[in-house]
4 protein chains.
Amino acid sequence: MLERKFAAILGIYGKPSDRFMSGGYKSDAPNVFTRIEMASKHGLVRGVELIQGEDADIHPGNKNAVRAALADHGLEVCAINPNLWGEPRWFKGTLGSTDPKIFRQAIDSIKLSIDLAAELHCEYVGLWPGQDGYDYLFEVDYLRLYDQWVQGMQELADYNPAIKLGLEYKPYEPRTHSVISTAPKTLLMLHDIDRPNVGLTLDVGHALYARENLGETVALSQRQSKLFHLHLNDNFADWDWDLNFGVVHLFDFIEMIYWLKRTGYSGWYSIDIFAYRMDAADAIDESLSWLKSMLEFVEDAGTEQFDQFLVSGDPLLVSEFFRKHLFPLRR
Amino acid sequence: MLERKFAAILGIYGKPSDRFMSGGYKSDAPNVFTRIEMASKHGLVRGVELIQGEDADIHPGNKNAVRAALADHGLEVCAINPNLWGEPRWFKGTLGSTDPKIFRQAIDSIKLSIDLAAELHCEYVGLWPGQDGYDYLFEVDYLRLYDQWVQGMQELADYNPAIKLGLEYKPYEPRTHSVISTAPKTLLMLHDIDRPNVGLTLDVGHALYARENLGETVALSQRQSKLFHLHLNDNFADWDWDLNFGVVHLFDFIEMIYWLKRTGYSGWYSIDIFAYRMDAADAIDESLSWLKSMLEFVEDAGTEQFDQFLVSGDPLLVSEFFRKHLFPLRR
Amino acid sequence: MLERKFAAILGIYGKPSDRFMSGGYKSDAPNVFTRIEMASKHGLVRGVELIQGEDADIHPGNKNAVRAALADHGLEVCAINPNLWGEPRWFKGTLGSTDPKIFRQAIDSIKLSIDLAAELHCEYVGLWPGQDGYDYLFEVDYLRLYDQWVQGMQELADYNPAIKLGLEYKPYEPRTHSVISTAPKTLLMLHDIDRPNVGLTLDVGHALYARENLGETVALSQRQSKLFHLHLNDNFADWDWDLNFGVVHLFDFIEMIYWLKRTGYSGWYSIDIFAYRMDAADAIDESLSWLKSMLEFVEDAGTEQFDQFLVSGDPLLVSEFFRKHLFPLRR
Amino acid sequence: MLERKFAAILGIYGKPSDRFMSGGYKSDAPNVFTRIEMASKHGLVRGVELIQGEDADIHPGNKNAVRAALADHGLEVCAINPNLWGEPRWFKGTLGSTDPKIFRQAIDSIKLSIDLAAELHCEYVGLWPGQDGYDYLFEVDYLRLYDQWVQGMQELADYNPAIKLGLEYKPYEPRTHSVISTAPKTLLMLHDIDRPNVGLTLDVGHALYARENLGETVALSQRQSKLFHLHLNDNFADWDWDLNFGVVHLFDFIEMIYWLKRTGYSGWYSIDIFAYRMDAADAIDESLSWLKSMLEFVEDAGTEQFDQFLVSGDPLLVSEFFRKHLFPLRR
């Protein structure tokens, strides 16, 4: 039952836009209930991530209706994520803002997500602070910014220690430099935050274009038992394209799965793509099918097989192994 | 009078959005007439680029009013650019579309820009086909795509040979791969298009993150007398951030200006930035002030000075020259 | 008999060094005859590339002995390449040198390669001018450099029209900027050189870290019938690592093979790797085995299958196809 | 007396080679005593870094002669660095080797550097483990590699707590992935090493092509009082070109100097370049002259000026400041 923890971000089923096609790439913008129905139609999706915000998936005003709809459609909630990127008040940051009022509003918004998570029996709140960082040199005081994040996260962690908080790092976009930018920087900050319920969320696309090795990132994060959540997509290692999972990288993902298995990762595998020019539900399903195939491949091969590669240190053995499994002898 | 050809894209004064802040980073979205007024208030802006489209700056329905407003405010039109990126019908390309109806609509839209340019005494139409390209491998037939662009441009060039058409290349975004992606690829295509009134538009930010040397790009383009237009902004060579001109690169821009001067570039210098988190008019003015300083610097030094560097081939002479001019000896 | 055109650069069997391990990564530096014997022991290698130079594989003083050794071991010569990178006199370039004596010496050295090629019944001479370019801004006159290359190549092409000359582009290294840097720039220069026996050599690693799409590069080159030769290796798209072929990219290589087949490429497939920390012969054999598997895969699928993907423009069909072929259903 | 801590790596005065010009770019390879003499001739160099190794600058057999030569020429030793990259035994790593004998030899070699540093009254030993990392996926066990480095460094730190050990991180080269790759990863490892005399060495070129912001790197390192040493050079943010300091970046370096000053950095400023195609002594002198100019610029402006920029968070103020200082009004 490898797929019991397969999920998708509910917003993927919506109407994506970008800075050039500001009106959106699709004609319809299905509401949250339609999107829940869409998610339930593909058997591989078992859980969904909800964005919390007034104009987003969930808020106090619709929480009961959303909960009911999810139950009706047999979907779990695997994450409640406050919208820390798309509200105009956050345009220069949230916990990193130089304005104490904005800092406090951000704290409050995240606490609301924590409360909603507790109510919906979801143990995880994901934080992606896209607007926290800087665009220009000499724009921010790096130490102030870092310290505000440490202190803010401590307050949030202590607010409800039963809820896990995951920091989703990303090197850049929308800011030219994010404050929480790479896995090692996040792990360093986690040392300073020093709370058991604060960890790291790995978006594989973010890691790939930060030129991280996914397997090593999992290994380092799990060395501190800090890998809380996983976002899956793909790109050409030059930008956060949020392409379908599996269309570019292959060996990197398999190595990552080996490390997930070896370090006992038990969280969700959640698809995080932008289906600008195709059917979103089909794209999610195809992405999860790739994931399933890769998980099965590692399962079938056995982790001992990969352990042996690491002991041998011989890249030719690895190359031969993949070649013979992916391209069995002709005739 | 170095600044007599200073311009800005009129849309910069508007309300920018991106895929995360889809509602836009500013509260107001000033209309075209307000933006013309804004542009006229800063003395450095002498010309503006207008986007042509139903919901854009200019279209047959408002052309007379726009022309009058520009005259009232003493602004020239330096470019009319059809909106080839932000209308939903173009979501998979324009001249590169596999749908013949879309190809024809794109031809018609560009011809409309050509007509408007002729009416407004503007000699240049800029084409940035952002949606033409592909996101995934095996998504398009590269030869069909290339050939459609060649044929389409020939038809457009012949439609009104008095109007110059500039192809603005960009490596990627919004597609993961643009069809018109780099300066050499554009110049190669210009060979195949083979029309005197089709040329290249250099957006310095696009060139920088395509890892081109700006001076060399100007030299190669002008070797074929094909540099038709210039878009100015800056970035960290990793993405099209459209930052204010001059905030990151310095020596690259000065070298470019030397080559512009040496090859007799006589076109416009047009600011193309996204002022997400600051006042747009101030950002344009600051950008043009940098441009003015750099132009003066090259003017004062004299091209002979730089010619000599190229003859000597000695990087230490160049380094010393810049050091002593930028940081005159302390007391 | 897909493998009848499989080759390797003979120097791979030697002793590689780099700027930090200047004494070399291996204890032995086998001479050319030993390396010929090594190449012959692996059945997949049918041809070899020879470097021409006084201290290299072949020169007038040993040509008969080398020819005899190749014949004894049943190996063809698929390329004679003048050493344009490793002789101290070339430290600031060859055909691009500002010193007319160096320019002439480079012409003479390349003509010697052409003569040797003719004598050894090899129809191809490969030119990789690693030292031609620049390191610093304002170091060279881009137009002079470009024009010298055009004129030099014309003289060389006319010297013996029966021998094909291939320009191997590379974005950078050892210079921070190469003069012949990308496929489009090379194709542009080929327009100016304007000789049928001058073409382009595609080193897939160079293209990958220039962020080119391999399939598109083949398509564009073959549109002008200019793809003369192929060098195979792999890297992480950030540098010319010269890793074993097939260890990182997969779909890119398959798409490239489709385009090679569709455009009728009939040249050699030559391995060009640096086996710093492993057995060179094994690394070449493993690389050629990957190549063979991929060629068979495209052969089995049939080009019509891929043609249909391009007509459909549907990335989900492509994704499903690869998934089901690489990971057949379990049990 | 800003220049009292100006230094250079002594090897720069030698004969550089690379993987293509394996015999070296210069005709002479001056020995250590000649190089000491060369370093002393340029007034700006006050200290030198020595490589320790049998065929390197210093070893037990020549230590007294080297010490005498340095004294004669009035040069201080600011670093003793064991050669952890250029001896064949290290070809797959040092403290990260899977071979316990190699691990022990590496420990011994570093201890020898520590002893020599103590004898020569140098308080710092720099470690750049270029061969520690991996080239291929599935080649190493990331946790074993990391843990061996932690344990090895603890043993070394305890060997002589009076000597500071600096880990010089670098994203890649010669391995495709270094074990100690970025500033945050190094700082994370320093948490685990947990010794006051182990810190970080910042090579600005390594940081730039790891896409780090230099100012932020200094800030984060000094937040833990861990910036031990500084290597200066420049590049185009795409590779470790080791160009002369100041030829590409300007604002980044000035921001870095602000942060060095603000956080009280009191170590050396050591030039680390490869002068492949120019006179090494001149290149070092020009690099130090740029450094001096930038230090003076920050000194003259005053840190309060820059503090205010960070409080304002207004990039336009910063842009205007630099513009007006670098390009004072004409006439």
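Predicted model: local features only at pLDDT ≥ 70, side-chain atom pairs only at ≥ 80, totals over all residues.
**View 1. Helices H10 and H11 of chain C, packed against each other.** Helix H10, which covers residues 303–312 of chain C, and helix H11, which covers residues 315–326 of chain C, pack at an angle of about 150°, and their axes lie 9 Å apart. H10(C) and H11(C) are therefore roughly antiparallel to each other. On the side of H10(C), the contact is made by C:Gln305, C:Phe306, C:Phe309 and C:Ser312, while H11(C) brings C:Leu317, C:Val318, C:Phe321 and C:Phe322 to it. Sorted by class, the residues in the contact of H10(C) with H11(C) are 6 nonpolar and 2 polar, with no charged residues.

**View 2. Helices H9 and H10 of chain A where their axes cross.** The axes of helix H9 (residues 280–301) and helix H10 (residues 303–312), both of chain A, come within 5 Å and cross at roughly 80°. Because of this angle, H9(A) is roughly perpendicular to H10(A). The residues that make the contact are A:Phe297, A:Val298 and A:Ala301 from H9(A), together with A:Thr303, A:Gln305 and A:Phe306 from H10(A). The contact of H9(A) with H10(A) has 4 nonpolar and 2 polar residues, and no charged residues.

**View 3. Helix H4 of chain A crossing helix H7 of chain D.** Here the two helices belong to two chains: the axis of H4, residues 142–159 of chain A, and the axis of H7, residues 214–223 of chain D, come within 9 Å and cross at roughly 55°. With that angle, H4(A) is therefore oblique to H7(D), and the crossing of H4(A) and H7(D) is right-handed. H4(A) takes part through A:Tyr142, A:Leu143, A:Tyr146 and A:Asp147, and H7(D) through D:Gly215, D:Glu216, D:Ala219, D:Leu220 and D:Arg223. By class, the contact of H4(A) with H7(D) is made up of 5 nonpolar residues, 1 polar residue and 3 charged residues.

**View 4. The contact between chain D and chain A, with one of its salt bridges.** In this contact, 44 residues of chain D meet 44 residues of chain A. The two chains, D and A, bury about 4300 Å² between them, and 63% of that area is on carbon and sulfur atoms. There are 8 salt bridges between chain D and chain A. In the salt bridge that A:Asp192 forms with D:Arg223, the closest N and O atoms are 3.1 Å apart, and D:Arg223 is also among the residues of H7(D) in contact with H4(A).

**View 5. The contact between chain B and chain C, with a salt bridge between B:Asp141 and C:Arg262.** Chain B gives 44 residues to this contact and chain C gives 44 residues. About 4300 Å² is buried between chain B and chain C, with carbon and sulfur atoms giving 63% of that area. The count of salt bridges between chain B and chain C is 8. In the pair formed by B:Asp141 and C:Arg262, the closest N and O atoms are 2.8 Å apart.

View 6. The side chains of D:Asp238 and B:Arg211 meet in a salt bridge, at 2.1 Å from N to O. Over all chains, the structure holds 96 salt bridges.

View 7. A:Ser225, which is found in the loop between helix H7 (214–223) and strand S9 (227–232) of chain A, has a phi near 55°, a positive value in a residue other than glycine.

Conventions:
Residues numbered from 1 in each chain as written. Chains lettered and ligands numbered in written order. Heavy atoms only, no water. Axes fitted to C-alpha atoms, helices over the stretch in contact; angles between N-to-C directions. Helix = DSSP H or I, 4+ residues; strand = E, 2+ residues; numbered from the N terminus. Parallel < 35°, antiparallel > 145°, perpendicular 65-115°, else oblique. Left-handed = near helix turned anticlockwise from the far one by under 90°. Contact = heavy atoms within 4.5 Å. Nonpolar A, V, L, I, M, F, W, Y, C, P; charged D, E, K, R; others polar. Buried area = accessible area lost by both parts, 1.4 Å probe. Salt bridge = Lys/Arg side-chain N within 4 Å of Asp/Glu carboxyl O.
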